[in-house]
Amino acid sequence: MRYKVLFSTLALITLTSMTVMVGLFGCAAKASMNVQTAETEPTPVKRTDGTTRTVEFTDGEYDGKEIVKTDEEWKKELTADEYYIMREEGTEQPYSGALNKNKKQGTYYCAACGLALFKSTAKFESGTGWPSFFQPIFKKNVAEKVDNSLGEVRTEVECARCHGHLGHVFDDGPQPTGLRYCMNSVSLKFKADK
Ligand SMILES: [Zn+2]
């Protein structure tokens, strides 16, 4: 009887640790699969229905003409990751996006509508695992709103034209602004200077 109990306990422990192991390796595999490759050109983006689209880039200051689409339209337009982060205000895993370490000179555009958002000259290494900038390309190109989720007050940053979620801005950044725009790689498309 005692052996039977011991055996059952051992079996349970083995099963539990196996589940934990599978869980851990599952996460690791998922995280590495999510790592993007840096894009230097407006490459076609695969939509959820299997068709592709090319993000058209718009340089210069935002002209005030909003892009309004329903959730259904965005769902068709964006990839699953883009939809989760940009329309459902999700956050990508730190260090998972290739643009985090991108040091090339160029411009960062909104992944949903293509509006210019940041210049590489304002990018800095924040050590957070997300691409960080001390200022947007034009103040008008980004919109800020109060975010009370996670039990703290943060300032959410979105694209001024399509209201796609980009990340958050904090006041612990470097000079000259003292700001840290902490962005999701998924929300940005990079185009290198020629
Ligand atoms: Zn946008």
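Me: How much of the chain counts as buried?
Reply: Of its 194 residues, 29% do. A residue is called buried if 20 or more other C-beta atoms lie within 10 Å of its own, exposed if 12 or fewer, and partly exposed in between, with C-beta atoms placed from the backbone. Keep in mind that this is a predicted model: local features need pLDDT of at least 70, side-chain atom pairs count only at pLDDT 80 or more, and totals for chains, interfaces and linings use all residues. Numbering starts from 1 along each chain as its sequence is written.

Me: What does the chain average for pLDDT?
Reply: pLDDT is the predictor's confidence in each residue, from 0 to 100. Here the chain averages 83, and 75% of the residues score at least 70. Watch residues 5-37, though, where the pLDDT is below 50. Beyond near neighbours in sequence, that stretch has 10 contacts in the model; a contact is a pair of residues whose C-beta atoms, placed from the backbone, lie within 7 Å.

Me: Which residues touch the most other members of the largest nonpolar core?
Reply: In soluble globular proteins, nonpolar side chains tend to be buried together. A nonpolar core is a set of buried Ala, Val, Leu, Ile, Met, Phe, Trp, Tyr and Cys residues joined through C-beta atoms within 7 Å. In this core of 34 residues, Cys110, Ala112, Leu115, Leu117, Cys159 and Leu188 touch the most other members. Elements that each supply at least two core residues include helix H3 (80-87), strand S3 (106-110) and strand S8 (154-159). Take Cys159: leaving aside neighbours within four places in sequence, its contacts include Cys110, Leu117, Val142 and Leu166.

Me: How many helices and strands does the chain have?
Reply: Three helices and 11 strands, where helices (H or I, at least four residues) and strands (E, at least two) are DSSP runs numbered from the N terminus.

Me: In what order do the six strands of the open sheet run?
Reply: Two strands pair if DSSP finds at least two bridges between them. The order is S5-S6-S10-S9-S8-S7, with antiparallel pairing. S5 (123-124) and S7 (142-147) are at the edges with a single partner strand each, so one side of each is left without a neighbour in the sheet. Two bridges join S5 to S6 (residues 132-133), and Lys123 stands opposite Phe133 in S6.

Me: And which strands form the open sheet of three?
Reply: That one runs S4-S3-S11, again antiparallel. S4 and S11 are its edge strands, each with a single partner, so one side of each lacks a neighbour in the sheet. Three bridges join S3 to S4, and Thr107 has Lys119 in S4 as its bridge partner.

Definitions and conventions: Two residues are in contact if their C-beta atoms, placed from the backbone, lie within 7 Å.
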